[in-house]
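Subject: Structure handover

Hello,

Here is the structure I promised to pass on. Please open it alongside the notes below.

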Amino acid sequence: MAIHMMRRVPTLIAVPAFLSLGVLTPLTAAPSEAVALEGPAPQCVEYFQSWRYTDVHNGCDDAVSVTVEYTNNQWAPCRVIEPGGRATFAGYGTNENYATGLRTCDPASPTTGA
């Protein structure tokens, strides 16, 4: 039994030491946390959501930078969509995290994990 306990001691010491280094902090941050939000997207930008995807269509005459807002206050990464172009973002999935709207954003703002 002493041998079994000896095998577990290094693991019990290594995990807190690893966590104390803050190594997991970047892994737990939301990827869209640093997106600089500006305002509501123009009405010529539309989205259609399904279980797996949220498709965004730019019907404007100019390129737009948009992000999708979800019910759990999550934001998608900022993406530039050319006139007439489309972009695909995450859908609502099994957690029913529905898209609630589109917002303009600054594509130059850094995002965690990108």
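A disulfide (a pair of cysteine sulfur atoms within 2.5 Å) joins Cys78 to Cys105, with an S to S distance of 2.0 Å. This is a predicted model: local features need pLDDT of at least 70, side-chain atom pairs count only at pLDDT 80 or more, and totals for chains, interfaces and linings use all residues. Residues are numbered from 1 along each chain as its sequence is written, and side-chain values use heavy atoms, with hydrogens and water left out.

Back to Cys78 and Cys105. The link is right-handed, with 90° about the S-S bond. Cys78 sits in the loop between E4 and strand E5 (79-81), and Cys105 in strand E7 (residues 99-106), so the pair ties together parts 27 residues apart in sequence. Strands here are DSSP runs of E, at least two residues, numbered from the N terminus. Both Cys78 and Cys105 are buried (under 20% relative accessible area; exposed is over 50%, partly exposed in between; 1.4 Å probe, protein chains only).

The structure holds two disulfides. The other joins Cys44 to Cys60, S to S 1.7 Å. Its S-S torsion is about 85°, so this disulfide is right-handed. Cys44 is in the loop between strand E1 (36-40) and strand E2 (45-49), while Cys60 is in the loop between strand E3 (53-58) and strand E4 (64-70); the pair therefore ties together parts 16 residues apart in sequence. Cys44 counts as partly exposed because its relative accessibility is 30%. Cys60 is buried, at 11%.

Counting bonded cysteines along the chain, the pattern is 1-2, 3-4.

Best wishes

Methods
Helix = DSSP H or I, 4+ residues; strand = E, 2+ residues; numbered from the N terminus.
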